[in-house]
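Reader: I would like to learn how to read this structure. Please take one feature after another.

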Amino acid sequence: MNQLIVNPTSLFAAGTEPAARRPLVAIIGGGVSGAATAFYLAQAKQGPIPEIVVFEPRDGIGRGLAYDTNEPAHRINVPAARMSLITDQPEHFLRWIDDHAATAGDADARRPDGNLFPRRSVFGDYVNAILQPLISRGTVQHRRTTVAHVLREGQHWCISDRDGARTMADIVVIATSHPPPVAPGPLQAVLKGHPRFVPDPTKPGALEAIRPSDRVLVVGNGLTSADVIASLGLKGHKGPITAISRRGLRSRGHAACPHDPVGDFLTQPALTASQLLKTIRNAIRTAASEGVSWHAVIDQVRAQGQGLWKMLPLAEQQRIVRHLRPYWDVHRFRVAPQVEAALDEAIAQGLLEILAGSIASTRLENQVIHCTLRLRRDPHPIERNYDAVVVTTGPGHGRILASQPFLAELSESGYLELDPTGLGLSCTRNSEAIGSIGVSPSLLIAGPLARGTFGELMGLPQVTEHAAFVASIVSDRLQMDALATI
Ligand SMILES: Cc1cc2nc3c(=O)[nH]c(=O)nc-3n(C[C@H](O)[C@H](O)[C@H](O)COP(=O)(O)OP(=O)(O)OC[C@H]3O[C@@H](n4cnc5c(N)ncnc54)[C@H](O)[C@@H]3O)c2cc1C
């Protein structure tokens with residue numbers, strides 16, 4: 001099938017009156033970023049309401065990688081009270097949960113301090129439910145397919161999808177965010193095809209091949225690693241697990257006594273990475289002397305993160321990414337209390353060891369995976385045998401351009417390039433893509449792929465705020481275009 005889908009009123013066919021023109025905005029990726037961009041675009045109070053087409057191969061819009069999971073051990077990692085699609089109603093998700101009894105049957109969701117940490121699928125259901133009426137009315141169209149190619153044709157973008165259809169769009173928003181993880185090369189070379197080598201644990205059923213008594217090596221110690229270990233625990237895993245990462249830093253849990261964010265990092269913003277670190281440490285000391293835990297300070301850095309990032313010269317941003325990021329990540333991305341408890345329990349039972357180091361070499365013998373591990377600050381490598389290896393090093397954002405043909409092609413034709421911090425795609429402060437040929441005002445980046453420019457842009461609420469911002473930029477552009485045709 002090769003079908004050209006063009007909104008008959010969206011392009012100037014010969015003789016078409018400009019007044020009849022209705023623009024088409026294509027959003028590539030229907031996770032939270034794409035869904036929220038579509039949602040806010042549909043609410044736009046000015047400018048022509050465009051046709052809004054979201055390309056997303058998953059069943060529903062709004063779930064994406066993070067919330068399209070049926071694993072009961074996967075929980076949102078911040079309290080539900082801090083996750084909302086509606087930027088000016090922080091408790092919107094909480095109310096939705098109440099109205100729909102969405103955590104009924106999940107006795108573990110509510111913590112003793114009253115905070116609610118539902119399963120991640122509940123958040124996906126919530127975002128999807130908000131989008132559904134817009135889809136039913138046709139305001140937002142869900143094309144359940146993958147975008148294969150995007151080409152510039154005259155004043156439009158020609159999008160070819162995996163179903164063989166082509167769609168002409170006036171504006172394209174890239175919201176594909178998380179590429180698959182990249183397994184360390186030597187591991188991939190030796191273990192490719194091994195039945196219990198799991199290079200991408202986010203795939204449904206990825207852990208099914210692991211048997212309860214298997215000796216498991218988990219490569220990485222962040223949130224995905226915690227998810228994997230908690231999932232194995234829930235399946236009754238009894239074999240020993242080693243989790244290894246360069247620094248052996250484990251994602252921290254939430255404060256025993258939660259506190260509102262404290263500190264001020266914007267009035268006199270740090271202009272270097274080391275100044276920033278010093279300011280944060282001082283603020284943590286001051287907070288501790290007042291009985292407030294570091295969590296509240298880090299929450300404030302996160303809340304003010306975009307303002308802070310903007311003030312830092314590029315070389316200092318790069319220094320932060322190079323040296324401070326691992327420490328930032330483990331303090332800023334926290335594990336849900338239920339997941340933290342599962343890990344603590346596994347350590348207490350002697351089932352889980354967390355190591356700082358790297359894998360020096362791997363070899364296979366009768367399906368047994370022999371690893372030489374080089375430990376940090378220890379000249380003597382250790383030998384370990386495993387039956388399964390799970391890679392949890394997280395999405396390979398640094399290789400985003402190579403992760404999909406359409407991104408690689410847009411890069412080759414000069415419309416996209418890697419952000420100089422290596423965190424995602426280069427864009428302006430209006431989220432317009434930057435490539436070797438310059439800025440493309442009709443190609444925008446929504447969500448975490450824009451964080452090289454915006455700084456803190458990974459979790460809610462920054463992701464939804466950014467989507468609302470991108471939608472406003474799109475609306476402004478459509479209005480300007482409409483005025484230009486009068
Ligand atoms: C495992 C995990 C758990 C997380 N948990 C939390 C949490 O509890 N709380 C929190 O605040 N943040 C959490 N985050 C942070 C997360 O980044 C954001 O909350 C948010 O989900 C990002 O959504 P997104 O739409 O930008 O990206 P994604 O979820 O990656 O969605 C991108 C979508 O694009 C689609 N896509 C990709 N390529 C194409 C293509 N070529 N054509 C069409 N569609 C395409 C994919 O199918 C995918 O659905 C988590 C992140 C991860 C990875």
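**Reading strands, a helix and a ligand site**

Author: Ser245 is part of strand S11, which covers residues 241-245. Keep in mind throughout that this is a predicted model.

Reader: Is Ser245 buried or exposed?

Author: Buried means under 20% relative accessible area. Ser245 has 15% relative accessibility, so it counts as buried. As for its place in the chain, Ser245 and Asp214 are 31 residues apart in sequence, and their C-alpha atoms are separated by 20 Å.

Reader: What is the order of the strands in the open sheet?

Author: Strands of a sheet pair through backbone hydrogen bonds, in either a parallel or an antiparallel way. Here seven strands make an open sheet, in the order S9-S15-S10-S11-S12-S13-S14, and the pairing is mixed.

Reader: How many bridges join S15 to S9, and how many pair S15 with S10?

Author: Strand S9 (residues 197-198) runs parallel to S15 and is joined to it by two bridges. Strand S10 (residues 216-219) also pairs with S15 in the parallel sense, over four bridges. Ala388 in S15 is the bridge partner of Val216.

Reader: Which residues of S15 lie on each face?

Author: In a regular strand the side chains alternate between the two faces of the sheet. In S15 (residues 388-391), Ala388 and Val390 are on one side, with Val389 and Val391 on the other. These residues are all buried, and both faces of the strand are covered.

Reader: What do S6 and S7 form?

Author: They form a hairpin with three residues between the strands. In the turn, Gly164 has a positive phi of about 90°. Strand S6 (residues 156-161) and S7 run antiparallel and are joined by four bridges. Trp157 stands opposite Ala169 of S7. Strand S7 (residues 165-169) is mostly covered, with four of its five residues buried.

Reader: Turning to helices, what span should helix H14 have?

Author: The expected span is 1.5 Å times one less than the number of residues. Helix H14 (residues 462-484) has 23 residues, so it should span 33 Å; its end C-alpha atoms are 33 Å apart, which agrees. Among the buried residues of H14 are His466, Val470, Ile473, Val474, Arg477 and Leu478.

Reader: How many residues surround the ligand, and which are the closest?

Author: The ligand is surrounded by 31 residues, and the closest are Ser33, Glu56, Tyr67, Ser177 and Gln404. By kind, the shell divides into 15 nonpolar, 13 polar and three charged residues. Helix H1 (32-42) and helix H2 (64-67) each supply at least two residues of the shell. H2 gives the most, with four residues.

Reader: Where are oxygen atoms of the ligand placed relative to Glu56, Tyr67 and Val32?

Author: An N or O atom in the side chain of Glu56 is 2.7 Å from a ligand oxygen atom. A polar side-chain atom of Tyr67 also lies 2.7 Å from an oxygen atom of the ligand. For Val32, a polar backbone atom is 3.0 Å from a ligand oxygen atom. On its own the ligand has 1,000 Å² of accessible area, and the protein covers 92% of that.

Technical notes
Residues numbered from 1 in each chain as written. Predicted model: local features only at pLDDT ≥ 70, side-chain atom pairs only at ≥ 80, totals over all residues. Heavy atoms only, no water. Buried < 20%, exposed > 50% of the residue type's maximum accessible area, 1.4 Å probe, protein only. Pairing = 2+ DSSP bridges. Near = heavy atom within 4 Å. Polar contact = N/O pair within 3.5 Å; in protein donor to acceptor, adjacent residues only side chain to side chain. Areas by Shrake-Rupley, 256 points an atom, 1.4 Å probe, with all protein chains shown as cover. Nonpolar A, V, L, I, M, F, W, Y, C, P; charged D, E, K, R; others polar.
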